[in-house]
Amino acid sequence: MKRKRIAYRPVGDDFSPMLISTSYDMSLFPGHTSSILTGTTRSIIPPARLVTFSTLVFLVSSATAVVTGILVITRSSALHSALFLILNFLALAVLYLSLQAQFIAVIQVIVYAGAIMVLVLFVIMLLNLREENHRCRSFPRRHLAGILLGAGILLIFVQAIIAASVSYPSSLARNAAEIGTSSAIGDLLYRSFVFPFEMASILLLAAIVGAVVLAKKRFP
Amino acid sequence: MPSLTWYLTLSAVLFTTGVVGVLTRRNALIIFMSIELMLNAVNLTFIAFSAFLGDGRGQIVVFFVMAVAAAEAAVGLAIVIALFRNRRTVDINDVNVLKW
């Protein structure tokens, strides 16, 4: 019997680098409030390796975001584009988490990767499109123009980022873990931004009515 | 810890990807998705500045951007459906009534 060979590895001290690094990241900010993770972990790995872990998270998720972003705009099937866009949103949610914005990360997964992309996928499958570009040349001139324009825009962006980078703070703010919680966001939203919040609700109502009117079966 | 410059550069790359998508693709749905890509790149910039500067208002802006994106998704997809119903296409080269 081969079943007896399956051995479950216990989650030991050397087997949970993510939790340990979280405790390290939190310990950078003395004012943090979440003690769930820090209470259960011990820091047994020297800090030098843990800094590279957060860098590793950034590199992996940003590479995922860039690659899936390029795949979104290069796949000929809209369905494949939509699926890669969901992956892109998930990678961005990981990046938001690495910036301690927990509420926005959850909203990103629920609203963007959940609601909006389900709507897009629903429309794609409803329309049941064929592949596009079957009558075009293999590399139209607008692709070249678009890529050149995009390169120019990227150049301007990067130049501006580098030119302003002397005034950037070098690390996360001290209260970065606090301002990302849902209580902090709700406090700001219902105190200082209550009027824009109501405006957003009216906007969403108008969008619902507009969508129903536009997608109705027949125009009068 | 990655610095703010890394996040901003990543955001610039993602935004440029969205711009190139809008400029090169002719499928209305893929253009729509490229716009979502650009909105998310801007959201990443807001979150990065919010976390590095310690100001929660950046995340509020992201919240509103998401609300606007949801409204835009509903209306935009309804327009795409209405377009497909009337013209049997979502290729924006075929929708050139306003072209000069």
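**Two chains in contact: questions and answers**

User: How many residues does the contact take from chain A and from chain B?
Analyst: The model is predicted. Both chains contribute to the contact, where heavy atoms lie within 4.5 Å. Chain B gives 72 residues. Chain A gives 80 residues.

User: What area is buried between chain A and chain B?
Analyst: Carbon and sulfur atoms give 78% of this area. On the chain A side, A:I73, A:L99 and A:Y112 lose the most, together 10% of what that side buries. The area buried between the two chains is about 6,800 Å².

User: Which pattern does chain A follow along the sequence?
Analyst: Chain A has 0 strands. Its helices number 9. Read along the sequence, the pattern is α-α-α-α-α-α-α-α-α.

User: What share of the residues in chain A is buried?
Analyst: Chain A has 220 residues. A residue is buried when its relative accessible area is under 20%. Chain A exposes about 14,100 Å², with 68% from carbon and sulfur atoms. The buried share of its residues is 33%.

User: How many residues does the largest nonpolar core have?
Analyst: Residues with the most contacts inside this core include A:L99, A:M117, B:Y7 and B:M33. Helices α3, α4 and α5 of chain A each supply at least two residues, as do α1, α2 and α3 of chain B. The core has 59 residues.

User: Which chain B residue is in contact with A:M117, leaving aside neighbours within four places in sequence?
Analyst: A:M117 is among the residues with the most contacts inside the largest core. Within chain A, its partners are A:A82, A:L85, A:I86, A:F89 and A:Y112. From chain B comes B:M33.

User: Why does the span of helix α2 of chain B agree with its length in residues?
Analyst: The helix covers residues 28–53, which is 26 residues. The expected span is 1.5 Å times one less than that number. The prediction is therefore 38 Å, and the end C-alpha atoms agree because they too are apart by 38 Å.

User: How many of the residues of α2(B) are buried?
Analyst: This helix is mostly covered. Of its 26 residues, the buried ones number 19.

User: Which residue caps the N-terminal end of α2(B)?
Analyst: The cap uses a side-chain oxygen. That oxygen lies 3.0 Å from the backbone nitrogen of B:L29. Just after the helix, B:G54 takes a positive phi of about 70°. The capping residue is B:N27.

Note on methods: Residues are numbered from 1 along each chain as its sequence is written. Chains are lettered from A and ligands numbered from 1 in the order in which they are written. Side-chain values use heavy atoms; hydrogens and water are left out. Helices (H or I, at least four residues) and strands (E, at least two) are DSSP runs, numbered from the N terminus. Buried means under 20% relative accessible area, exposed over 50%, partly exposed in between (1.4 Å probe, protein chains only). Accessible areas come from the Shrake-Rupley method with a 1.4 Å probe; for residues, only the protein chains shown count as cover. A polar contact is a pair of N or O atoms within 3.5 Å; within protein, one must be able to donate a hydrogen and the other to accept it, and residues adjacent in sequence count only if both atoms are side-chain atoms. A nonpolar core is a set of buried Ala, Val, Leu, Ile, Met, Phe, Trp, Tyr and Cys residues joined through side-chain atoms within 4.5 Å. Buried area is the accessible area (1.4 Å probe) that two parts lose on being put together, summed over both.
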